[in-house]
Amino acid sequence: MSNADKLASRLREIVGEANVTDDPEKLKALAVDGETPGVMVAPATIEETAQVVAYAHAEKLTVIPRGNGTKMGLGGIPKKVDILLSTRRMNRYRDYDIANLTLGVECGLSLAEIQAKLAGEGKGYFVALDPPHTGSATVGGIVATNDSGPKRFLYGAARDIILGIKAVSPDGSIVSWGGKAVKNVAGYDMTKMMIGSMGALGIICEISFRITPRFDADATLLISFDGLKAAAGYLRKLLHSKFYPASLELMNARAAAAIAVSAGLKGSYVAAIALEGIEEAVARQIAELSEMGRQEGGTDVVTLKDQPHRDFWIAYRDLADTLATAAPNLVMLKSNFILSKVVEMVSACEAALLKAGLEGALVCRAGNGILYAAIPLGDDLAGKTSDLVALVARLTDESVKQGGNLVVQRAPRVIKEKVSVWGQSRSDAVVVRSLKEKLDPSGILNPGRYVAGV
């Protein structure tokens, strides 16, 4: 029996015949940055996951976790993919305590499924996360990549609403950190350490969230501006005002056109503000913020409510997919920077794109200091590779200059081979390597894909 057959046979003993895939054609479609898995396994429980990882640990086989695949473009090129571990069958509710505003779920549930269930409880509740691919992304993938969306401004990121995590460690042990109590941490906060660790330190299997009651009303305010300084100035004034919107966003004209919100908006930049609360308060904020926008140089004002409001934010979050459908070989860059440097960072990105002869849809979390640049390279990947690589280097330097760094969230393999996908190496890389060596000395979990290439 070959090693591949031996592996598949052992995995079938653990999870059952139907839950192991070793067909070469099917596995080719599941390749991670061009690296085809040796086998895919889909455990149904955390205990089965532990058995799979324990076997991999004993045999020195690499394991890469996968939910619905929406985050698989993030990270470095994997060193090896012996086992692709699908989490989709781990899709149960473990704790459903609406009265105490807590929810425990397994990692394979999609965020959309959870939100739909919570919306039907009483006046409605929700998990305060709104990352891209909300309709299909699993909560395990969202937490493992620390993904977030526009509402991060009001509600924070995953680390702000997660109470506890249960995971499988690299040796196959089942470990738990945190729990339903808000303050139950002594020593290192391992729950927060696992968030965003890309499955390199352990496979997240169960998550306890704090949930939020639904608001009475919501709306979107869109204001166009002819210049970047006017748009950023308006958002900065709003940031320091008495108002507290759910989202505080800025996009360039290319992004607005892709999201199909350009009707009635003629400026080069669009401020997008989400408002939530009681109906009277939302109406008052729309009126006052609209007038403030006009005073700060806004040229056009559009208000969205009900379904148009919801459709806008779905399209906004999923901008990268819209552009990728229209043109192949999309590159997605994420820069973070000091909050006061919005104008400098957006201007630098526009200048870098112009110098490289490339176009990009820019979306800025003006209230969080984050800039996303979606750059479709089209069919001429070979001809544009060197320009894109130079652009990444320029924007990385600029991000560091402005107090942050840059991450390549999505790119063809040929681009990843030529850039540092996690940006400029810093002192925290030493900490990450040390953690990886302590927790996963054999390097079996997601090798090569996390920070510092661990």
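How do the residues of the lining of the largest cavity divide into nonpolar, polar and charged? I shall come to that after a word on the model.

Good morning. What we have here is a predicted model, in which local features need pLDDT of at least 70 and side-chain atom pairs count only at pLDDT 80 or more, while totals for chains, interfaces and linings use all residues. Residues are numbered from 1 along each chain as its sequence is written, and side-chain values use heavy atoms, with hydrogens and water left out.

Let me begin with the domains. The assignment gives domain 1 (3-86), domain 2 (93-213), domain 3 (217-317) and domain 4 (321-416); such bounds come from an automatic or database domain assignment. The C-alpha centres of domain 1 and domain 4 lie 32 Å apart. Their contact, meaning heavy atoms within 4.5 Å, takes seven residues from domain 1 and seven residues from domain 4.

I now return to the opening question. On a 1 Å grid over the protein atoms alone, a cavity is a set of points where a 1.4 Å probe fits but cannot get out, a pocket is an open set with protein on both sides within 12 Å along at least five of seven lines, and lining residues have an atom within 4 Å of a point. Grid points are joined across faces, edges and corners, and a volume is the space filled by probe spheres set on the points. A search of the whole structure finds three cavities of 30 Å³ or more. The largest cavity holds about 280 Å³ of space. It is lined by 24 residues, and Pro 65, Gly 67, Gly 140, Gly 141 and Ala 144 are the closest to its centre. The answer, then, is nine nonpolar, 12 polar and three charged residues. In this count Ala, Val, Leu, Ile, Met, Phe, Trp, Tyr, Cys and Pro are nonpolar, Asp, Glu, Lys and Arg are charged, and the others, Gly among them, are polar.

Which elements build this lining? Strand 3 (63-66), helix 5 (139-144) and strand 10 (203-210) each supply at least two residues, and the largest share, four residues, comes from helix 5. Helices (H or I, at least four residues) and strands (E, at least two) are DSSP runs, numbered from the N terminus. Because domain 1 and domain 2 both give residues to the lining, the largest cavity lies between them.

Next, the second largest pocket. Its volume is about 780 Å³. There are 31 lining residues, and Lys 151, Arg 214, Asp 218, His 309 and Arg 310 lie nearest the centre of this pocket. The lining comprises 14 nonpolar, six polar and 11 charged residues. At least two residues come from each of helix 4 (111-119), strand 12 (217-225), helix 11 (279-295) and helix 12 (306-317), and helix 12 gives the most, with six residues. Domain 2 and domain 3 each provide at least three residues of this lining.

Let us turn to the interior. A nonpolar core is a set of buried Ala, Val, Leu, Ile, Met, Phe, Trp, Tyr and Cys residues joined through side-chain atoms within 4.5 Å. Buried means under 20% relative accessible area, exposed over 50%, and partly exposed in between, with a 1.4 Å probe and protein chains only. The largest nonpolar core has 54 residues, and Tyr 234, Ile 273, Leu 289, Leu 333, Ile 375, Leu 388 and Leu 391 have the most contacts inside it. Helix 14 (residues 342-356) contributes the largest share of this core, eight residues. Where does this core lie? Domain 3 and domain 4 both give residues to it, so the core lies between them. A second, separate core of 29 residues includes Val 105, Leu 109, Leu 111 and Leu 201.

Leu 391 deserves a separate mention. Leaving aside its neighbours within four places in sequence, Leu 391 is in contact with Leu 333, Ala 352, Leu 353, Ala 356, Leu 358 and Ile 375.

Lys 355 also lies in helix 14. Is Lys 355 buried or exposed? With 64% relative accessibility, Lys 355 counts as exposed.

Finally, two details of the backbone. Most residues other than glycine have a negative phi. His 133, however, has a positive phi, near 60°, and sits in the loop between strand 7 (125-126) and helix 5. Met 198 likewise has a positive phi near 60°, and its place is the loop between helix 8 (190-194) and strand 10. His 133 counts as buried at 17% relative accessibility, and Met 198 counts as buried at 6%.
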